[in-house]
Structure formats: C-alpha cells, structure tokens
Amino acid sequence: VGSVPTTETLTDPYKIAGIISSLCGFAITMLATVRLGWVRTYFGSELGFVKPEWIYGFPYGYVPHPMIVGQLIAFGSILAAFPSMSLVCQALIGTHMTFYTIHMLQEIYLGSY
C-alpha cells in the first residue's frame with residue numbers, strides 16, 4: 001500500500017529536503033491565492049464574474065504562473081523524496097502534474113491576455 005512515515009523520515013536529509021521543497025511549493029500557491037482572491041482563483045474573470053486585471057505583487061511578477069508552478073514544485077518534490085510510495089499514488093500525482101503542465105502551456109500560448 002506504500003510506505004508509512006517513520007522517525008527515519010525525520011532524519012533522512014533527502015526526505016527533509018523534499019518536505020521543505022514541497023512546503024515551499026504549496027506556500028507559493030497559497031500566496032498566489034491570497035493575491036488573487038477566491039473569485040479570481042477559481043476562474044472568476046474567465047467566467048465573467050469579475051473584471052480581468054493584471055495582478056501585481058509577490059508571487060506574481062517573480063514566479064511565472066505561480067499557482068501551477070508552486071504545485072509542480074510541491075508534487076515533484078514529494079515524488080522525488082518518497083520514491084517508495086505506491087504506484088497508484090505516483091501515477092495519480094504524475095497525471096495531476098501532466099494536466100497542470102498542459103493547462104500552463106495553454107495559458108502561455110492560448111491565453112486571452
């Protein structure tokens with residue numbers, strides 16, 4: 001079913017680095033959510049609920065597509081640091097990351113701005 005976290009996780013520098021990296025990725029995503037607000041986070045401007053506008057301030061202007069990049073950093077770090085997780089988890093995370101990447105490329109090349 002996969003590995004269960006143990007005290008070894010807290011002493012393995014590779015796993016600690018993976019946990020810290022994943023937390024940094026999730027933090028970037030959360031900061032982007034705060035900067036956008038809930039309505040814009042969930043396609044509010046694309047669906048016409050709010051007027052489109054450029055967002056300034058960290059992480060925007062510093063991290064390209066911070067919501068997606070933050071998630072890719074977080075999930076990539078988890079995959080790298082915990083290679084013994086079940087194949088089902090690896091497949092789900094990998095698929096999630098693939099669709100996030102496709103969506104990011106869609107925003108880059110087909111965006112409306």
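## The largest pocket

Helix α5 gives the most to the lining of the largest pocket, with six residues. This is a predicted model, in which local features need pLDDT of at least 70, side-chain atom pairs count only at pLDDT 80 or more, and totals for chains, interfaces and linings use all residues. Residues are numbered from 1 along each chain as its sequence is written, and side-chain values use heavy atoms, with hydrogens and water left out.

The volume of the largest pocket is about 1,000 Å³. A pocket is defined on a 1 Å grid over the protein atoms alone, as an open set of points where a 1.4 Å probe fits, with protein on both sides within 12 Å along at least five of seven lines; lining residues have an atom within 4 Å of a point. There are 31 lining residues, and L36, E46, Y60, H65 and E107 are the closest to the pocket centre. At least two residues of the lining come from each of α2 (13-36), α3 (38-41), α4 and α5. The lining comprises 16 nonpolar, 11 polar and four charged residues. Here Ala, Val, Leu, Ile, Met, Phe, Trp, Tyr, Cys and Pro count as nonpolar, Asp, Glu, Lys and Arg as charged, and the others, Gly among them, as polar.

## Overall architecture

The protein has five helices and zero strands, in the order α-α-α-α-α along the sequence. Helices (H or I, at least four residues) and strands (E, at least two) are DSSP runs, numbered from the N terminus. Along the principal axes, the C-alpha atoms fill a box of roughly 50 × 25 × 20 Å.

## Packing of α4 with α5

Helix α4 (residues 66-81) packs against helix α5 (residues 87-110) at an angle of about 155°, with the axes 10 Å apart. The two helices are therefore roughly antiparallel, a term for angles over 145 degrees. Axes are lines fitted to C-alpha atoms, for helices over the stretch in contact, and angles run from 0 to 180 degrees between N-to-C directions.

The crossing of α4 and α5 is left-handed, that is, the near helix is turned anticlockwise from the far one by less than a right angle.

## Packing of α2 with α4

The axes of α2 and α4 come within 8 Å and cross at roughly 165°, so α2 is roughly antiparallel to α4. This crossing, too, is left-handed. The residues that meet include G18, F26 and L36 in α2 and G70, I73 and A74 in α4. By class, the contact of α2 with α4 has 13 nonpolar, nine polar and one charged residues.

## The loop between α3 and α4

Most residues other than glycine have a negative phi, and most peptide bonds are trans. F58 and P59 are joined by a cis peptide bond, with omega about 5°. P59 lies in the loop between α3 and α4.

H65 is also found in the loop between α3 and α4. Its phi is near 45°, a positive value in a residue other than glycine. H65 is among the residues closest to the centre of the largest pocket.

Methods: Parallel < 35°, antiparallel > 145°, perpendicular 65-115°, else oblique. Points joined across faces, edges and corners; volume = space filled by probe spheres on them. Contact = heavy atoms within 4.5 Å.
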